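Please keep the sequence and the structure in view while reading.

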Amino acid sequence: MSPSRQTANGSRCSCVLGEIDGITGDDSGELFDLTCNHCNGSNSIKSDLSSSCSPSGSKSDDSEKLRRIIVASIKAFSIGTGIKGGLAIFSIFARLARRRSSSQSRRTGDFSNSEAIAMGIKETLRYGLFLGTFAGTFVSVDEAICSLAGDQRTAKWRALFAGLVAGPSMLLTGPNTQHTSLAVYILMRAAVLASRCGIKSKRFGSICKPLTWKHGDLFLMCLSSSQILSSYILKQESLPSSYKSFLNKQGGKDLSIIQGVKDITSAKPFTNLREIEKYYKSVGVDIKLDPNMKVPCSIIHGKESCTKHALTFFLQAYKRALRVYVPVYLIPALIVHRQDLLKKQYSILGKGLLGTARSSLFLSTYCSSSWAWTCLLFRIFETCSIPIVAIATFPTGLALAIEKKSRRIEISLYCLARAIESFFTCMTDAGYIRPPRILRRADVVVFSVSTAIIMHCYAQEREVFRSKYLNVLDWVCGVPPPCEKT
């Protein structure tokens with residue numbers, strides 16, 4: 001159960017005050033250092049933690065365990081509903097804005113505003129139940145094993161098993177709703193934690209040493225970009241619908257242009273040159289496309305040169321990126337630092353604006369360089385093919401270097417999860433991989449295994465976590481009891 005975290009003289013430790021006040025540290029991305037020498041050196045804390053799982057069977061212990069289960073469930077439920085609810089509200093407002101700015105009537109198959117709101121509420125409650133059940137199940141299994149078999153005897157595997165049992169709570173989001181993207185992303189997070197454990201271990205340290213490469217995040221981003229952007233041009237159906245919509249918006253190209261580039265890249269006859277010409281005419285460019293062209297530069301940017309297109313596209317992409325990152329930075333800043341807004345408003349808002357400008361520069365550079373690299377290689381080789389598209393989109397990932405170091409690994413892992421999902425979808429559609437018939441919900445299995453690894457690291461290898469993630473887990477589940485080393 002969650003410890004009180006008090007010092008020997010009864011006063012609260014400074015690290016807890018940091019958690020409550022939400023104190024932030026330097027630009028490294030860490031909120032603050034959770035390593036408290038006072039707590040680590042306090043015998044009273046260790047005895048309290050060890051006794052929290054003692055199988056005494058008293059009514060006070062049982063009520064405290066029940067309280068921990070209920071509190072963990074409520075806190076996780078609030079996180080799930082807060083995150084999903086916030087996304088739903090943003091989506092609904094964006095939908096209303098599109099409807100007002102568009103003079104077109106409602107298309108067949110579109111949801112009405114009331115239906116969209118009802119669906120948003122339903123999804124919000126489902127995700128709240130999912131996270132609440134996950135946390136409640138994990139704490140319940142952890143406490144049950146601890147009470148029945150003891151703390152020290154089960155310390156090395158208890159959290160691993162509890163995380164595995166809690167994983168299937170994902171089914172509460174909908175029995176027929178696949179969450180491959182979420183499962184793969186959590187698997188990537190588990191792999192990062194496992195690699196950190198391997199790096200610091202004596203047995204596997206030499207094997208995991210290549211994982212300490214300083215620019216590994218950029219390399220992962222380049223790999224992910226090659227798959228994601230190639231799929232964006234050649235096979236959009238391999239991408240999640242929400243992510244596909246994001247790419248189509250930030251990619252800045254009409255779908256008819258994407259289809260034209262896909263045709264010439266796949267060495268197929270053009271099917272929509274007239275549609276492309278019609279689109280350019282609608283934006284004031286009168287162009288006649290050659291059906292025998294070898295490179296699609298005229299399809300991509302009309303009568304503009306490749307260099308001029310790269311510059312004009314970058315400016316347009318930066319405006320689009322600002323709409324993405326203004327709410328990403330400013331809204332959390334207003335929520336997390338609401339108590340300090342009156343005292344440090346210039347510092348907080350300044351950091352938010354700087355982060356917005358920097359991340360917008362990354363996204364706009366990423367999008368514009370993707371088209372610039374493809375045009376460059378098309379001109380160099382004087383042809384267009386699938387391998388050239390895959391090679392041209394690889395260096396696009398270097399744009400991630402614009403972001404600060406603490407955000408690079410987060411973005412690269414997010415994109416890597418999308419790339420892996422897209423890759424296996426392409427391989428399955430091509431017939432190279434056959435999905436197992438017995439395993440209908442592979443996403444639940446992958447998610448359960450991943451959460452088992454993450455929760456094991458949370459209980460036994462806490463130093464491999466970044467403090468902001470550790471703070472959230474501690475707040476929900478309570479600080480796990482330490483394992484006495486013999």
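How many contacts beyond four places in sequence does the model have for residues 103–109? There are four such contacts, and pLDDT stays under 50 over this stretch.

## Confidence in the model

The structure is a predicted model. The average pLDDT of the chain is 79, and 80% of the residues score at least 70. Where pLDDT is low, the predicted coordinates should not be read in detail.

## Overall architecture

The chain contains 19 helices and zero strands. Of its 486 residues, 43% count as buried. Its accessible surface comes to about 26,900 Å², and carbon and sulfur atoms account for 63% of that area.

Among contacts between residues at least 6 apart in sequence, 70% join residues at least 24 apart.

## Nonpolar cores

The largest nonpolar core has 46 residues, and those touching the most other members are Met 221, Ile 276, Leu 289, Ile 299, Phe 362, Tyr 366 and Phe 378. Helix 15 (residues 341–381) supplies the largest share of this core, with eight residues. Apart from it lies another core of 32 residues, including Met 170 and Cys 477.

Beyond four places in sequence, the contacts of Leu 289 include Leu 273, Arg 274 and Glu 277.

His 309 belongs to helix 14 (residues 306–336). Is His 309 buried or exposed? His 309 counts as buried because its relative accessible area is 5%, under the cut-off of 20%. Leaving aside residues up to four places away in sequence, His 309 touches Lys 253, Ile 300, His 301, Glu 304 and Trp 371. The C-alpha atoms of His 309 and Ser 368 are 8.8 Å apart, although 59 residues separate the two in sequence.

## Salt bridges

The count of salt bridges comes to 16. In one of them, Lys 200 pairs with Glu 461, with the closest N and O atoms 2.6 Å apart. This pair links distant parts of the chain, 261 residues apart: Lys 200 is in helix 8, whereas Glu 461 is in the loop between helix 18 and helix 19. Lys 200 is partly exposed, at 45% relative accessibility, and Glu 461 is partly exposed at 22%.

Arg 126 forms a salt bridge with Glu 123; both lie in helix 5, three residues apart, which is about one turn of the helix. A network of salt bridges links Arg 68, Asp 142, Glu 143 and Arg 158.

Technical notes: Residues are numbered from 1 along each chain as its sequence is written. This is a predicted model: local features need pLDDT of at least 70, side-chain atom pairs count only at pLDDT 80 or more; totals for chains, interfaces and linings use all residues. Side-chain values use heavy atoms; hydrogens and water are left out. Helices (H or I, at least four residues) and strands (E, at least two) are DSSP runs, numbered from the N terminus. Buried means under 20% relative accessible area, exposed over 50%, partly exposed in between (1.4 Å probe, protein chains only). Contact means heavy atoms within 4.5 Å. A nonpolar core is a set of buried Ala, Val, Leu, Ile, Met, Phe, Trp, Tyr and Cys residues joined through side-chain atoms within 4.5 Å. Accessible areas come from the Shrake-Rupley method with a 1.4 Å probe; for residues, only the protein chains shown count as cover. pLDDT is the predictor's confidence in each residue, from 0 to 100. A salt bridge is a side-chain nitrogen of Lys or Arg within 4 Å of a carboxyl oxygen of Asp or Glu.
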